[in-house]
Amino acid sequence: MPPPPDSGTGAPAYALRPATRDVVRLLRSARPGVPGAAHAVGLAVRLTVPTTRRRLTDILARLAGRHAALRTAIVTDAGQERRLRVEQDPAVPLLRWSDLGEGAEVDVDQRLRELLEPPFDLAAAPLWRFELLDRGARGSTLLFGAHHGVSDLQSLLLVAAEIDTELSGTPLDGTVSDRDIDLLLQAQTATRPVGGADGAVAAWRAEFAGSRRLDLTLTRPRPGTRSFRAGSVALELPDGLMDRVAYRAGRLAITPAAFCLGVLTVLLARLRERDRFVLAVPVDTRMHVGAFDAVGFFGVPVPFPARAVPGERIDEVLRRTDGHFEQVLAEGAMFSDTLAALASQGLYRENAPLVEVYFNYMRPAKAGPVAMEFLPSGTGYSDIDLMVTLTPGIGRLRLDHNLDIMDGAAAAGIGEQYLRLLAEAADDPSAPARIAAQAVPTPIPGPGPEVQAPHPTPEAGPSSATAPVPEPPSNASLALAATFALGDLPLMCEAALGDGPSHQPESSGTTVVTAPYHHVLAGLRDPSGVFAQPSTAVGAVLLRATDLERFGPVTDELLAGLRTEYPAALRALSERTRVPLVVGFVPSARRDDRLERWERDVAAELSELPGIALLGPDDWTRHHAVDDPFDDRTEELAHLPYTPQFQAAVALTLAEVVRTVLRVPPKVIAVDGDETLWSGVAGESGPDGVDLGGARALLARRLLRWRAAGTLLVLVSNNDEATVRAVLERPDSVLRAEHFSVVSAAWGRKAERLEEAARTLGLGPDSFLYLDDNPVEIASMRAALPEVLSVTCPAVGELESFVSRLWPLVPLPATAEDTLRSEFYRQERVREAAREQVGFEEFLDGLKLEVDIRPVSGADVQRSAQLIRRTNQFTLRARSADGRDLERWRQRGEVWTASARDRFGDYGQVGLLAVRRDGDRLDVLGWALSCRALGRGVEERLLQWLANRSDALGCAAVRITAEHTPRNAPARRLVAALGGGGPDDERLDVVTTPEHLRAFRSWRH
């Protein structure tokens, strides 16, 4: 519909323009619960010349005429696309005039915060606010700010400069113009990624390799829930400092902005002892279209690879920074260009920004203000940890800092160190970039007591059960299907998956691919559909029974058929692809008992299936409250039933569940007995007096499902063993003693007993998850064995929701070995008992070991990849970060797999050997052997096979190389015994003959 004409002029009352990609990104990043002021920017100035309400009102009216951003709203059209609605005139007055009286004392920070705290109605212009605080003869203070979607900090400085010009006596034109919006769209239309051509793009993303988080928890640990409260510290620039910086930058042939960013890199590298990390720089896209006086959201944040390593000089860091600056300043750069690269470095953390520090170098003004003075102030909210803003035009350095983790003294200390280092670098840029590591934390000078910058440590508490988590593969995708139109939900999911708690869309490079609209069953069954693609890491299916009637009534007979078809299709998809699935039932505005019963029945059938996580209609808003989830208008027009707020809640909830289900599963779950596995204290009430039902039975069933998926169970209880076994023998006990690979019922320290269980199983404690209701026991376990993931089990009333959060699903067993893993360990206990009765060589002879070695086939690939991924003791080197070792070995040479069995049972597929002929030598590219096969003669059989394979290929020698990893001592000991060096060497290398391999016996060394 065209805009209506203005009754006075006949010209359109408003114009609709497409929203820029960065406005859309900003709005998608907004999360429920984030204060509106966190998405606002503001300034405060003291007027040094008198003015009147009428005069300032007229100045602002002319300002709004020149700059369309002061007349712009952000609306959503019928197709759910964001649009910029540019009004001819602001709908309401821009200025609020507050007569405070001469006696009033003004807290500028508080007043600016109060001005910007009320949420903006994005659909109603103006999205700017101005307030003059009039204290009569004591002068006036002007506060102003705007929603970030129509402004940036440079815009605020431009607005201040134009107000200053008019207050100083120079009138400016007030003709209404939409020029700024046209320039904004022109500046941000290009989508050229940082780096340009494909090869250069890859090289640019590689610059982020090795990046680590800075973890600026300088005052206190990061809390579980962010407040988004921010403090602001302003420091005056020393006289002449920026002139010295500009001179030195000119001598180095770099820009002053690059000089200042490079010095900040050096400071943070020293402060946090980091070689590589990531900063963000807001790129002012005005430069691309010559719009240096335009007002709007032109500042696009772009991640920047920061690096300062020991041995470098400061000027080397500065020149590299300048070179990188040229790339990020190129037209078309976006925040999302490098998100996959950031994700692959594991930079995501719950309740923390993906990029912690932003650096903003504001263009120097042509002349300083005449009619005003800038006041140090902030909005009081921020969604990043530290914003460093250098504004040479007003002679100020400002640091906006996250009050959750850093107080004003710490922020001021960083600012003072930064100014000193700027001066030192301007005087002598050949100084070392990094100072030798010190034994104590680096002090941060600042007002008040000295503040220490502690080395980062893992945050304790129950939240450690969910963070940090391994990220999905960098090219992974989420396959999404729904019974309704998805609208912006896929893009919201991408933002939530990569963004986590802050405003960066993406963290893992995870993309969302969608099944055809309203064809859920077909999408689930399609063998070439989105759910079946190799890149799909997880699938999500959103169901709403009312949608089944979208195109006509559904009979009871048809509904019953769909009641069977949906679970069957989901089960078949899960078993076919082994991809975890999230099935979510979303609410409906129209209640219908028949359809709601259908949803409950489908959910009940899916609830016990491995590999499938369930979310109910109330789960979406349990942690992301939404006042009104339904939009009747878009439901009617486009089958889009939900408001943007509810879509955001869905996206955030899905992202949280997806991250959880993609965590590496534990190899062992150790669980306490009293008040954890059962309610009550067995030693006091007796085995029959404890309660095994209700939520305790749910936990037991979930543990049993984990066991079926290949995870070992261990019981660690402070009780007599007879009492514990009597509890497990009760008819109503879901878990039996034989379900546990180790039952430790005693009174010693649980940490020591868990270590003993790890030794018994031949696994490291870092592969354990430990559940206990007693916070003291959890704290003791964390102190003694920090590598164990120790989680406090809540009271029975909260147990069901806790289990659902901790384990939204239990994975399907990936291989046949997974389903038999508990049996393997039972057989191992029998072997160990037999071994204790005779000498070692006699024991080996009596095993009747058989080893089958064959080329890896398609049926073996999944288990072979799992062996590479899970083996950390007998392996020649660390696995590659991209997980493509098997693929590369098969391309470069031969890959063989080994299965073993003896008189006690079948070991399954336990070994992998990759070899390549190099002239007359056979090189071993890779060797992985499951820990359960160690010390059983399998190593010797594989060495004999290597000798035979060498002969068959006409090779006279075999080369085996091992690299030191924290856990591969067994492999290093074998290579060392073959003559490859010392077992503790960083690299061991042996070239030996086939005859030597055939004669070798590890137990004789």
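The legends below describe close-up views of a predicted model. Residues are numbered from 1 along each chain as its sequence is written, and side-chain values use heavy atoms, with hydrogens and water left out. Because the model is predicted, local features need pLDDT of at least 70 and side-chain atom pairs count only at pLDDT 80 or more, whereas totals for chains, interfaces and linings use all residues.

**View 1. An open sheet of five parallel-paired strands.** The strand order is β18-β17-β19-β20-β21, where strands (E, at least two residues) and helices (H or I, at least four residues) are DSSP runs numbered from the N terminus, and two strands pair if DSSP finds at least two bridges between them. Strands β18 (511–514) and β21 (612–615) form the edges, each pairing on one side only. On average, neighbouring strands of this sheet are turned by 20° against each other, direction ignored. Strand β20 (residues 581–585) pairs with β21 in the parallel sense over four bridges, and V582 stands opposite A613 in β21.

**View 2. Helices α15 and α17 on the sheet.** Helix α15 (residues 593–606) lies across β19 (536–543), β20 and β21, and runs at about 155° to β20; axes are lines fitted to C-alpha atoms, for helices over the stretch in contact, and angles run from 0 to 180 degrees between N-to-C directions. Helix α17 (residues 644–661) packs on the sheet and touches β17 (477–482), β19, β20 and β21, contact meaning heavy atoms within 4.5 Å. The direction of α17 makes about 140° with that of β19.

**View 3. P641 in the loop between α16 and α17.** P641 lies in the loop that links α16 (632–638) to α17 and is buried, with a relative accessible area of 3% (buried means under 20% relative accessible area, with a 1.4 Å probe and protein chains only). Not counting residues up to four places away in sequence, P641 touches F484, A485, R544, P629, F630, D631 and E635. P641 and A485 are 156 residues apart in sequence, yet 8.0 Å apart in space, C-alpha to C-alpha.

**View 4. The contact between helices α27 and α28.** The axes of α27 (residues 861–870) and α28 (residues 885–892) come within 9 Å and cross at roughly 115°. The two helices, α27 and α28, are therefore roughly perpendicular to each other, a term covering angles of 65 to 115 degrees. Here V861, S864, A865 and I868 in α27 meet D885, L886, W889 and R890 in α28.

Conventions: Angles under 35 degrees count as roughly parallel, over 145 as roughly antiparallel, 65 to 115 as roughly perpendicular and the rest as oblique. Buried means under 20% relative accessible area, exposed over 50%, partly exposed in between (1.4 Å probe, protein chains only).
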